[in-house]
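Let's take a friendly walk through a protein model, one side chain at a time. Have the sequence and the 3D view ready.

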Amino acid sequence: MSKFKLGLAAAFGIQILILGAMLFERVNIIQNGQEVILQSQFVDPRDVFRGHYVRLNLVAGTIGEGLPGASERYNYNQPVYVSLKETENGFWVAKAVHKTFPQDIEDPVLQGIYNGKRGNTLRVRFPFDRYFAPKERALELENIRDQQKLGVVLALNGSGGGVIKGITIDGEVIYDEPLL
């Protein structure tokens, strides 16, 4: 076998291993991660270049004045960590915001990006702020967005990361993320 073919096979094999590792990590988080449900609102259902999706406005990304860490100074686009607490209605909300991953708490933690302030409220953007759906489902979700409570079910990996595991409307699961 020529060196070129051997190099090509090695490059292809490395790409397969990387893809496999990414899929394994996602499946592992969905199956074994801590589950939390964040309340959200729909913002925009379509993108001409990326397809149909619903932009999620996660309530946990709004850090109100008075929460621990909210008065700290943050740089725009700085990584931050939001510890969560569960409310009576089953949704998880921000409990505190941290500049580094908090090692000494048992609360679930999400890593986000500081996205500025609106008045006295910090805004944090999370990496899972879009839910892609077929055109009909995205339009359906847009039509019911103001009438019902949307929940985004996340599986957390214990180090601030997470993936969307499902979607609920008024507490009823309407979508479960397939493992593959």
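Two residues are in contact when they have heavy atoms within 4.5 Å. This is a predicted model, in which local features need pLDDT of at least 70 and side-chain atom pairs count only at pLDDT 80 or more, while totals for chains, interfaces and linings use all residues. Residues are numbered from 1 along each chain as its sequence is written, and side-chain values use heavy atoms, leaving out hydrogens and water.

Start at Thr168, in strand 11 (residues 162–169); strands are DSSP runs of E, at least two residues long, numbered from the N terminus. Setting aside neighbours within four places in sequence, Thr168 touches Ile37, Lys149, Leu150, Gly151, Val153, Val173 and Ile174. Its relative accessibility is 4%, so Thr168 counts as buried. Buried means under 20% relative accessible area, exposed means over 50%, and partly exposed lies in between (1.4 Å probe, protein chains only).

Now for the aromatic rings. Rings of Phe, Tyr and Trp (its six-membered ring) pair if their centres lie within 6.5 Å; planes under 30 degrees apart are stacked, over 60 edge-to-face, and the rest tilted. The count by this rule is three aromatic pairs. In one of them, the centres of Tyr74 and Tyr114 are 5.5 Å apart with planes at 35 degrees, so the pair is tilted. Both Tyr74 and Tyr114 are buried.

Tyr81 and Phe101 form an edge-to-face pair, with 5.6 Å between centres and 90 degrees between planes. Tyr81 is buried at 14% relative accessibility, whereas Phe101 is partly exposed at 23%.

Methods: Helices (H or I, at least four residues) and strands (E, at least two) are DSSP runs, numbered from the N terminus.
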